[in-house]
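This briefing covers one protein chain, with its points grouped by topic. The sequence and structure come first.

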Amino acid sequence: MAQTVPASGSETIRSLIPARIDRLSWSPFHTRIILALGTAWVLDGLEITVASAVGPVLAEQETLALSSAQVGLIATVYLLGEVFGALFFGRLSDALGRKNLFIVTLGVYLAGNALTALTWGNSTAALVFLYLTRFIAGAGIGGEYAAINSAIDEMMPAKYRGRVDIGVNGTYWGGAIIGTLGTYILLNNMDLNWAWRIGFLIGPVIGLAIWGLRRHLPESPRWLIMHGREAEAEENIAQIERAAEASGQTLEPLDDSRAIEIRPTEPHGYLSLLKVLFRVYPARSTLGATLMITQSFLYNAIFFTYTLVLTKFFGVSEKAAPLYLVAFAIGNLIGPLTIGRLFDTVGRRKMISGTYLLSGVLLAITAVLFQQGALNAITQTIAWSVIFFFASAGASSAYLTVSEIFPLEIRAQAIAVFFAIAQCFGAIGPVFYGWLIGEGEDPNKLFLGFLIGAAVMAVGGIVEAVIGIDAEGKSLEEVATPLSAVTTRPRATG
């Protein structure tokens, strides 16, 4: 059933591959995609919580005897690695393919984390080694965000794309739960010098388990056809269709009017990318940046300081504080998994703006209750869990948005750019809120901080309501016309 054929011009390709992908119903192939690729967010959530939990332990004399500043630098270096990895591997993913990169980025992450466990002390050489391995691990995870969001969206039928993307991004909090419980057990039942090292190996064990699954996934047929590799694209889409038919699906013939004509072009560098983003798609770029920055600021502000709030204002012991994260993480995990489908049915604009605005309103209400002294450690955690039930789905939708509203040729790089921007702004949150918390002497400062966080989320919701893209149920090519398209259909801009 060869439906990808050259058009009249030797350099032009006429293809039904995007339509063939979108006509599929769910099959075991799509389940394999989720298991193999969606684990990236589990690994990142696990990584962040493990590093956070073992940080204080690394200051102990029996481990590495690091100073507080040296411990704090671990998170900073990891963040810088994520930004570098997103930009570096995002560029390669658009140029070399999704599959090549989601194999490489997983390997980079595994190597970085495994080597971290071998850090031997706090000498200059040992510290350089420690920070280098954290940078490498971060680079691997940053690259995962760019390559895998692209691959999932391009191989997922349009009717499932929203719920799948949001659910997969939400599994970050499944990793946070694993990391929290894993390190809690290790640190309380083993010699500390062994416990922290094993903690950093939890992620690589999970990563090795999915390595084989990734190796057997096909390359994105959409990416192949946009790069003129027709034979490979036909082979891969046929493989996907055979899996669908084996599961009982009957694939009806497609009308040729649904074909797309493209003329493959050279890959875009970041300078060319920025011109496309801010000249051709200024409104979409504003939308993507706003959604990514606002959710990153709120999450980093609350997540990285929640233990300080519990210990400084509510008297929770430092050993017990990590357990409160489990309840917080459960709310974050359940939200995307339960209401993610509504982003496909109710619609992107309504659900994205609604989750952003509702989480902002709930945070403002919680801020008032906090200032009045009406909350304790348990009720504060419950309040956060409810707020982030909605905020987590909203934050996940930010990644969905930047992944689907830009053309395929620059998709991974666009994700990388907005991820990097968000991380840079998000890094302000922990510092700012840490200053507001201080030693817990003035709850009014944190009250103001909560109101600022609420206002930030409200901005994201308002921007989405005004210039959001109604992408639900639409082909990626309909949402954002490929740069290489030569059809007469108007190019999506703005």
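The end C-alpha atoms of residues 33-472 lie 20 Å apart, and this span is 78% helix and 1% strand. UniProt, in an unreviewed entry, lists residues 33-472 as "domain: Major facilitator superfamily (MFS) profile". The model is predicted.

**Nonpolar cores**
- The largest nonpolar core contains 105 residues.
- Ile152, Trp173, Trp384, Phe388 and Phe450 have the most contacts inside this core.
- Helix α19 (residues 377-404) supplies the largest share of the core, with eleven residues.
- There is also a second, separate core of 20 residues, and Val50, Val54, Leu58 and Leu192 are among them.

**Helix α22**
- Helix α22 covers residues 443-467, which makes 25 residues.
- The buried residues of α22 are Leu446, Phe447, Gly449, Phe450, Gly453, Ala454, Val456, Met457, Gly460, Gly461, Val463 and Glu464.
- The cover over these buried residues includes α14 (282-303), α15 (306-313), α18 (348-371), α19 and α21 (428-437).
- Phe450, one of the buried residues of α22, is in contact with Ile302, Leu363, Ala367, Phe370, Trp384 and Tyr433, leaving aside neighbours within four places in sequence.

**Helix α8**
- Helix α8 (residues 172-189) has 18 residues and should span 26 Å at 1.5 Å a residue.
- The end C-alpha atoms of α8 are 26 Å apart, which agrees with that expectation.
- Buried in α8 are Tyr172, Trp173, Gly174, Gly175, Ala176, Ile177, Gly179, Thr180, Gly182, Thr183, Leu186 and Leu187.
- Trp173, buried in α8, is also one of the residues with the most contacts inside the largest nonpolar core.

**Glu144**
- Glu144 is found in helix α6 (residues 124-155).
- Because its relative accessible area is 1%, Glu144 counts as buried, the cut-off being under 20%.
- Glu144 is in contact with Ala40, Phe102, Thr105, Leu106, Asn149 and Arg214, leaving aside its neighbours within four places in sequence.
- Ser403 is 259 residues from Glu144 in sequence, while their C-alpha atoms are 13 Å apart in space.

Key
Residues are numbered from 1 along each chain as its sequence is written. This is a predicted model: local features need pLDDT of at least 70, side-chain atom pairs count only at pLDDT 80 or more; totals for chains, interfaces and linings use all residues. Side-chain values use heavy atoms; hydrogens and water are left out. Helices (H or I, at least four residues) and strands (E, at least two) are DSSP runs, numbered from the N terminus. Buried means under 20% relative accessible area, exposed over 50%, partly exposed in between (1.4 Å probe, protein chains only). Contact means heavy atoms within 4.5 Å. A nonpolar core is a set of buried Ala, Val, Leu, Ile, Met, Phe, Trp, Tyr and Cys residues joined through side-chain atoms within 4.5 Å. The expected span of a helix is 1.5 Å times one less than its number of residues. UniProt positions are given in the numbering used here, feature names are shortened, and annotations may be inferred rather than shown by experiment.
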